Amino acid sequence: MHIHKFEKVWLIFGIAMLIVFLSVLGVSAFYLGNQPPSCLNTIDPAKVDTTAPFDKPGLKKVEGKEWDYELVIVASMFNYNPGAVEIPKGSKVKVMVTTKDVIHGFEIAGTNVNMMVEPGFISEYVASFNKTGEFTIVCNEYCGMGHHMMTSKIEVVE
């Protein structure tokens with residue numbers, strides 16, 4: 001069987017790119033230890049209300065960590081608990097979010113905080129709030145009929 005030289009070139013190029021892609025992926029996953037962040041911490045969705053720290057959602061000051069505050073939020077059908085939070089300007093905040101029911105989105109408009117919230121997993125993100133103002137938290141993952149009303153707010157104050 002005869003294969004044209006341009007077909008051979010494209011086959012070799014395609015196989016070489018596949019080997020490069022799989023090598024980069026393998027080094028990233030196994031040598032550097034990069035893994036999807038949502039797989040790190042799990043929680044039983046039926047026991048969210050009784051599992052710390054989600055039994056008392058809200059903003060809490062912490063000591064001895066890389067961040068100043070921990071913001072614990074529980075997403076459920078068409079609301080976030082707590083509904084509003086005040087954060088001091090210049091604070092570094094670890095945002096921890098979980099849900100009891102279905103997949104939700106969690107986006108703080110005007111910032112780079114954007115997470116998918118899945119039942120059984122804890123989504124975490126560390127963000128700095130250096131600009132005063134009111135930031136809206138929106139669900140950017142369709143979660144049902146009341147999805148458009150699922151909002152909360154963060155107010156960054158002096």
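**View 1. Lysines over rings.** Here the charged end of Lys61 sits over the ring of Tyr69, 5.0 Å from the ring's centre. Keep in mind that this is a predicted model.

View 2. With eight of its eight residues (69-76) buried, β2 is largely enclosed by the rest of the structure.

**View 3. The partners of β2.** Strand β1 (residues 58-61) pairs with β2 in the antiparallel sense, over four bridges; look for Lys60, whose bridge partner in β2 is Glu70. Strand β5 (residues 91-99) pairs with β2 in the parallel sense, over seven bridges, and there Ile73 has Val97 as its bridge partner.

**View 4. The hairpin from β2 to β3.** These two strands run antiparallel and are joined by three bridges, with Ala75 partnered by Tyr80 of β3. Two residues separate the strands of this hairpin, and Phe78 in the turn has a positive phi of about 70°.

**View 5. An aromatic pair.** The whole structure holds three aromatic pairs. In one of them, the rings of Tyr80 and Phe106 have centres 5.7 Å apart and planes at 85°, so they meet edge-to-face. Tyr80 is in strand β3 (residues 79-81) and Phe106 in strand β6 (residues 104-108), so the pair ties together parts 26 residues apart in sequence. Both Tyr80 and Phe106 are buried.

Methods:
Residues numbered from 1 in each chain as written. Predicted model: local features only at pLDDT ≥ 70, side-chain atom pairs only at ≥ 80, totals over all residues. Heavy atoms only, no water. Phe/Tyr/Trp six-rings, centres within 6.5 Å; stacked < 30°, edge-to-face > 60°. Buried < 20%, exposed > 50% of the residue type's maximum accessible area, 1.4 Å probe, protein only. Lys NZ or Arg CZ within 6 Å of the ring centre and 35° of its normal. Pairing = 2+ DSSP bridges.
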